[in-house]
Amino acid sequence: MVDGQTGATRPWLWTQLFRTFQVALDPKKLVLAAIGLLVAAAATTLLSWLFFSMKSEPNQTNYSHDIYVKRGDSEEVARRKAIDAFEADRVSYQFTKTLAGPKDEFGTHGIFRVFPWHEERGANPYLLIAGQTRHGSGFAGVWEWIKHDGIRVMLEPLRKFLLPVRLMLNPLADFSTRIYLLLVALVTLATWAFFGGAITRIAVMQLAGKEPPSMTDALRFVAQKYVHYVAAPLVPVLFVAGIVLITVVVFGIIHLVPYLGDVVDSLVWPIVLLLGFAQALLLVGLVGYPLMFATISAEGSDTFDALSRSYNYVYQAPWNYLWNALVAIAYGMVVVFFVGFMGSMVVYLSKWSISQTPGTEYFTSRRADHLFMKTPTTFGWRDLLVDRPELKTTASEEARNAYLRDNVTPGNYLSASCVGMWTTLVLLFVIGFGYSYFFTSSTMIYLLMRHKIDDTDLDEVFSEDELPDEPLLPPTTLPGPGSAPPQPQMVDPPTLRTPEKP
């Protein structure tokens, strides 16, 4: 309890954010985050495969200049227009390939077609501490990782939702690509509204000092309010899309009319600017998106409450929100690095232990490296676990194939696949901790902002256990058809008592 003291009299209340590390380590949250990672990756990969399968690379022979000649252009102008059309379509195709394309000759997947255990998250924490990377050793290596990759890894759940929205504004995106990116954003939101909502529900009860719900109870709570979890961050995006549609229909079409469009543009441009201002407010306010899930989990409320609170807290106390966010991010980078270091050390020691067996390196097919040639590449785990340069991620495809052909047996592939599966499972919990911490710290920030703006105690949260099990009034039993009405009960009339004489 904060004993009714306002945020102004509790200047150090933000230190409550340091509680989130232990809360985020809850196994239930790690399991929910790991499942969410798998579901989101499978959905976006399938969506990317379907989208890119409908694309074909432009062929210059299909871009004839005859169509432009028929329109009245000269031969030179027609050729130039055909070349420009081909170049525009080629650039657009390359853009969609970077988003949804399969693995190319350089081993690079599309942004939304790569599984979480192969995403780029910087150098391995254990190798950084050991000084075996280009970033240096000790504190210098950790600092370099924080500068280059720490913030990106820490804000990955937010980035995964906002990235497709940002890419929709890219001029290289055509209409079909924008539809694809919108679907990616919706799939990502739908996934984390469910699993992230469950994490915030468990976290808010723990942070408030209440009995935390089981995973089943948390998922049941989210399922009952799932529409609100999805709609809260989606409504601002739909409003922005609606404003764009209004601008196109009302102003854009008139703009295409010569002279009339020029006159209308000159007169109504202030209205267009106001619509742009509304879009900017909505998009900037989306930085409070993590507060929306926490609102519903803490208050048991709906979409309107989640929207109003998140936008109100961001715009009414922006510096307070920014300070809490910066503290959570800075602390989060440290703890995410620590968890990554511990996970890396676990798998490295397992590899190091088995490699101490006498004769391991003398029997080519029994080399310990062969057990880890299918391990994940994110966080540099494969480079951590293999010593052979031909098996590292930096090796060329030709050198790798030659080594596998000469030194690896079918049995090695079987054991490497199984070891890779177990290693991936450990890695999913390591990556999942980042998501668990993100939603947990967002929940703590919500409680702090609510205390600052609404003067509400941190431990005041909605609990289903507080609902009355029995109705306030006893149920009234109505007579059934054909039954006799209830008979009035006869009582004796009251009598006066004669006081006794002393």
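## Where H10 meets H13

In this predicted model, Val227, His228, Ala231, Ala232, Val235 and Pro236 of H10 touch Thr303, Ala306, Leu307 and Tyr311 of H13 (contact means heavy atoms within 4.5 Å; helices are DSSP runs of H or I, at least four residues, numbered from the N terminus). By class, that contact has eight nonpolar, two polar and no charged residues (Ala, Val, Leu, Ile, Met, Phe, Trp, Tyr, Cys and Pro count as nonpolar, Asp, Glu, Lys and Arg as charged, and the others, Gly among them, as polar).

The axes of H10 and H13 (residues 303–316) come within 8 Å and cross at roughly 45° (axes are lines fitted to C-alpha atoms over the stretch in contact, with angles from 0 to 180 degrees between N-to-C directions). H10 and H13 are therefore oblique to each other (under 35 degrees is roughly parallel, over 145 roughly antiparallel, 65 to 115 roughly perpendicular, and the rest oblique).

## H14 against H17

H14 (residues 318–355) and H17 (residues 410–454) have axes that come within 10 Å and cross at roughly 160°. That makes H14 roughly antiparallel to H17. Their contact has 15 nonpolar, eight polar and one charged residues.

## Who lines the pocket?

H10 turns up again here: with seven residues, H10 gives the most to the lining of the second largest pocket. By class, that lining has 15 nonpolar, one polar and one charged residues (a pocket is an open set of points on a 1 Å grid over the protein atoms alone, where a 1.4 Å probe fits, with protein on both sides within 12 Å along at least five of seven lines; lining residues have an atom within 4 Å of a point).

## Reading notes

Residues are numbered from 1 along each chain as its sequence is written, and side-chain values use heavy atoms, leaving out hydrogens and water. Local features need pLDDT of at least 70 and side-chain atom pairs count only at pLDDT 80 or more, while totals for chains, interfaces and linings use all residues.

Key: Helix = DSSP H or I, 4+ residues; strand = E, 2+ residues; numbered from the N terminus.
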